Amino acid sequence: MDLIASLTVNGLATGMLIFLLAAGLTLIFGLMSVLNFAHGGLFIWGAYAGVWIYYVTNSFLLAIIVAIVTGLVLGLITERLIIRPVYGNHIQQILITLGFMLVLQELIKVAFGPDQKAVHPPAWLEGSFQMGDVILIKYRLFIIAIGFLLFLTIYLILKKTRIGLIVRAGVMDREMVQTLGINIRFVFMAVFMVGAALAALSGVLHAPYSGVIYAEMGLEFSILAFIVVVIGGMGSFTGSLFAAILVGLAQAFMAYYVPALSLAVNMLIMTVVLIFRPQGLFKVKG
Amino acid sequence: MIGVILKSMTKSNLIYLGVSAILLILPFILTGRSVQFMITQIFIFAIFAMSYDLLLGYTGIISFGHAMFFGIGAYTTAIFMDRFDASFGALLIAILVAVLFAAIVSFIVGILTLRLKSHFYAMLTLAFAGLFLVAAEKWRTLTKGNDGFTFKVPEFLRDSTTIYIVSLICLVLIFFGLRRMTQSPFGRVLVAIRENEERTVSLGFKVLHYKVMVSVVSGVVASFAGVLYMLSLRFVNTSVFHTDVTIDVLLMTIIGGVGTLVGPILGAALIELAHHWISGLANVHWIFERWIILYGTVYILVVIFFPLGIVGTIRSKLSGGSMQKMLSKKKAG
Amino acid sequence: MSSLLKLSQVEAYIQQFHILHDINFEVPKGEVTVLLGRNGAGKTTTLRTIMGLNPVSKGSVVFKNEDISNLKPHLIANKGIGYVPEDQGIFGDLTVGENLRVAMKREDQETTERLDWILDLFPDLKKFWKKPGGQLSGGQKQMLAIARAYVNENDLLLIDEPSKGLAPIVVEKVMETILQMKEKTTILLVEQNFLMASKIGDRFYIIDDGQTVHNGLMGELKQDKALMKKYLGVS
C-alpha cells in the first residue's frame, strides 16, 4: 500500500511538471496551428536561468520568478523571430523550430558551461512527511500543489473570462474570431508567451526534482511535450492534463515494476494512441 | 548498347558521370586512410540523405526517426557478421534481411500514419526510433548494449580503397536509380502530393499508396546506407539510433536543397566536412566548439530565406524559378 | 442616396485561381442589398473579400468614405461591419451565452439593450442559453450567428445565405427577423432563395463568373422573367 501511494505521488509530481510543459504547447497548436519543437528550449532556459539565480541568491522563490520572466522574454523573441515568418506552413515550422531548439540548447552551454549542474530543493521544501506507512516527500507535494493550482487558474480563466473565451473560440475557428473584431495575432502572442513562461516554470521546478540539469534536456523535453500533446489531443487543454498525468504515472510505475521498459513507456503509449485514437484522448471540436 | 546509353544521356548526366569518374580516380591519388575514410563517410551519408530527400523533398513528409532505418541496416549487418562467419554469403543475407526488415517497418509506420496530418508521421517515426534505441540498449545478449561491439567483415572489404570504391559505386547507382524514379510518372505524382494533396486525391490518385510506397523505398535505401556504414566502420553501438543522426540527415537535406537529390549529396559533404574541420578549430575560438550554434543559425536562415537550399536556389536562379516554391506555399490548418 | 459601402473594379484570387474579375456595387445606407447569382459565381468570395478574409488584388473597397481594402479582418470588423458566414461560424464548445460574450466588445447599457432586443426576436437563444453552440439546430445556429453579428453596434451586416439548409418554416422566421433588423441597420445579403430575397431586398446585384453583370431595384427584377432565367435559373 505504501509502495503504491509513493509511486502514485511520484507519478503525479512528474505528471504535473509535464503538464506545465505541455499546456502551453497544446494551446499554441490549437490557436494558430503552430507546431513548436523549440518548446523544450524554453523549458531548459527556465531551468538554467532559475538555477543560476538560485545559486547566486539562494532564494528559490526568486529563481521561480526569474525563470518565468526568462520564459516570457524568450517566448516573445521566439514568436517574433522564429514563428512569424513561417505561419501557416507546418513543414517549415517543424524544421525551423527544431533548428532553433538546437541553437537554444547550445547557447545554454555557452552561457552556463557544458557540464551538468546539481540542484537541491530549498531547505524549506526538503524532507518529508510521514503518514502511517507512507512517506511523502515535501518537494513532490509542492510540485503537485503548484501544478493543480495553475491548472485550476488557467481552467477558470479559459472558462470564465472573456479573454479565455476568446482563446477557446480561437482554437475552434480563428477566422470567425477575427471577424468579431479581435486581433488574433495579439492574442496568440500573449498565449505563446504564457505558454513559454509555463514551460520555463516547469524547467525550474524540475531541476531540484531530478537533482540535475543538463543542456540536452531541451530536446528530450521538446519531444516529451509533443508526445503528451499528441496523446491528449492536439489543442486540448484538459487533454494535456490527463495525458501528462497518464505519462507521469506510467513512468513511475514502469520504472519500479518493469525498469527495462521505462525508457520506452512514453513511446509505447503514444504508439497505442496513434494507432487506435489518432485524434488523441480529447478531441477538439471545430 | 553503349551507344544507346550515350544517346539518352543529357548534359547534366554527363556532368554527374564526369564527377563520378574523378571521384573514382581520387583514392589512387589521395592514399591516406583517414582521408579516404572521411570521403567514404560522405558517400554513405549522401545515400542516407537522398533517402530522406525522397520523403521531405519530393513528397513533403517529415520523419523524425529516420535514424531507425539506418540503425536497422547497421545492426543487422553487425549482428550477422558477428554471429556468422564474415563471408560474402553472410553479408548478402544480412543485406537482404536489413532491407526486408526496413521495408516491413516503414510499411507499418506508413500505413498507420500517412493518412493523418504531417506531424503524426513525424511523431510515430520518432516513437519507433525511440523504441529501437531502447531495444538496442536493453537487448544486451544480441547488441551488447550501449558499449556496442566490433566485428569482422569479408576479407576483400577490409581495404579502405575498396570500401571507398564500393560506396561510391553504390552512391552513383542509387543516385541514378532514384533520379529515374523521381522523373517517372510515379515521381510526378509524389511532387503533386507535396504541392497539393487534396487536388491529387481529387484527380483520382490513391495518395496513401504512393506515400506508403515512397516511405518504403526511403526506408530501404536508408537501411542500405546503414549496411555500408557498418562495412566501413566495423563497429556498432546504439548511437546509430540516436535522434542526432536524424537531425544530421535533416540538416544535410535542407542545407543542400530539398527535392533535388544532388542537394543532399552536397549537404552530406558539407556537414561531414564541418563536423571534421570546425571541431578541429575548437582551440582557435570557443565558438567552434559550439559549432551547432553556427549550424543551427545557418539552417534557420536557410529555412526562412532559402527554403530550396543551396542546389535548389542555384537551380531556380538559373532557370528563372521553374522549381516550385514548395516550402513557401501557404498551407493553413 | 449615400452609399455606405462601395466596391469598384474589385478583383480577387483564391490561391492561384482568379475568382473575382470585376465586382462593382454600392450598398446604400438603411437598405437591404442582395447579391444574387448561381453557385460558384463568387458571392461568398465577395463577402469574404470585403471582410478582409481574402486579399483584394485590384480595385477598392470603400466603407464610410474610407478605403478598407486589404486591412486585417479585425480592423475591418472594428470599423463597424458584422459578418455572418455561410457556415455560421458558431463556436461549438462554447455555450450560446459565451458565443455572444466573445462578440461583445463592451458590456455597457447600449450593448445590453441591443442584446435584449435581439433575444426577444429569438426566444430560443434565451431558452438554450447554457447549451453548447454545437448542439443547436441549424435554425438556432443561424439565429445565434445573426445575433452575434448584431450585438455590437455595427453599421453594416454581411449575411451569407441565411436560408441555406433550413426548413421553410425556419426560413420564414429568419426572414422576419432580418426585416425587423432592417429598421436599425444596413444589410448586404447573399441569398439563393429568390422568394426570400425578393421579399426583404430593396435592391439587387447579379454576380456571374466573378463580375457584377446586372443591377436594379428588386421590384423590377420580379417582372423580368428572362433575366431571372438567364442568371438565376428561376422561371
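A67(B) is found in helix α4 (residues 67–83) of chain B, where helices (H or I, at least four residues) and strands (E, at least two) are DSSP runs, numbered from the N terminus. The model is predicted: local features need pLDDT of at least 70, side-chain atom pairs count only at pLDDT 80 or more, and totals for chains, interfaces and linings use all residues. Residues are numbered from 1 along each chain as its sequence is written, while chains are lettered from A and ligands numbered from 1 in the order in which they are written.

**Residue A67(B)**

- A67(B) counts as buried because it has 29 C-beta neighbours inside 10 Å.
- A residue is buried if 20 or more other C-beta atoms lie within 10 Å of its own, exposed if 12 or fewer, and partly exposed in between, with C-beta atoms placed from the backbone.
- Leaving aside neighbours within four places in sequence, A67(B) is in contact with A129(B), V240(B), F241(B), H242(B), T243(B), V245(B) and T246(B).
- Two residues are in contact if their C-beta atoms, placed from the backbone, lie within 7 Å.
- Y121(B) stands 54 residues from A67(B) along the chain, and 14 Å separates their C-alpha atoms.

**Helix α8 of chain B**

- Helix α8 (residues 160–183) of chain B has 24 residues.
- From its first C-alpha to its last, α8(B) reaches 34 Å, close to the 34 Å expected at 1.5 Å a residue; the expected span is 1.5 Å times one less than the number of residues.
- The buried residues in α8(B) are I163(B), Y164(B), S167(B), L168(B), L171(B), L178(B) and T182(B).
- An α-helix has 3.6 residues a turn, so residues three or four places apart point the same way.
- Among the elements that cover the buried residues of α8(B) are α2 (11–29), α3 (33–59), α9 (185–195) and α11 (207–233) of chain B.
- I165(B) also lies in helix α8 of chain B, but I165(B) is partly exposed, with 19 other C-beta atoms within 10 Å.
- Beyond its neighbours within four places in sequence, I165(B) is in contact with L24(B) and P27(B).
- I165(B) and G73(B) are 92 residues apart in sequence, and their C-alpha atoms are 20 Å apart in space.

**Confidence in chain B**

- Chain B averages a pLDDT of 84, and 91% of the residues score at least 70; pLDDT is the predictor's confidence in each residue, from 0 to 100.
- Over residues 321–333 of chain B, pLDDT stays under 50, and the model has 23 contacts beyond four places in sequence for them.

**Chain A as a whole**

- The secondary structure of chain A comes to 11 helices and 4 strands.
- Chain A has a radius of gyration of 18 Å, close to the 19 Å that the globule rule gives for 286 residues, so chain A is as compact as a globular protein of that length.
- The radius of gyration is taken over C-alpha atoms, and the globule rule is 2.2 Å times the number of residues to the power 0.38.
- Along the principal axes, the C-alpha atoms of chain A fill a box of roughly 60 × 45 × 35 Å.
- Of the 286 residues of chain A, 58% count as buried.
- Among contacts in chain A between residues at least 6 apart in sequence, 78% join residues at least 24 apart.

**Chain C as a whole**

- Chain C contains 10 helices and 10 strands.
- The radius of gyration of chain C is 17 Å, close to the 18 Å from the globule rule for 235 residues, so chain C is as compact as a globular protein of that length.
- The C-alpha trace of chain C spans about 45 × 40 × 35 Å along its principal axes.
- Buried residues make up 43% of the 235 residues in chain C.

**Where chain B touches chain A**

- This contact takes 34 residues from chain B and 32 residues from chain A.
- On the side of chain B, the elements that give two or more residues are α5 (88–113), α6 (118–138), α12 (243–256) and α15 (291–305).
- The largest share of that side, 12 residues, comes from α6(B).

**Where chain C touches chain A**

- This contact takes 19 residues from chain C and 17 residues from chain A.
- On the side of chain C, α2 (73–78) and α3 (96–103) are the elements that give two or more residues.
- R162(A), in helix α6 (residues 162–172) of chain A, touches R101(C) and V102(C), not counting residues up to four places away in sequence.
- R162(A) counts as partly exposed, with 16 C-beta neighbours inside 10 Å.
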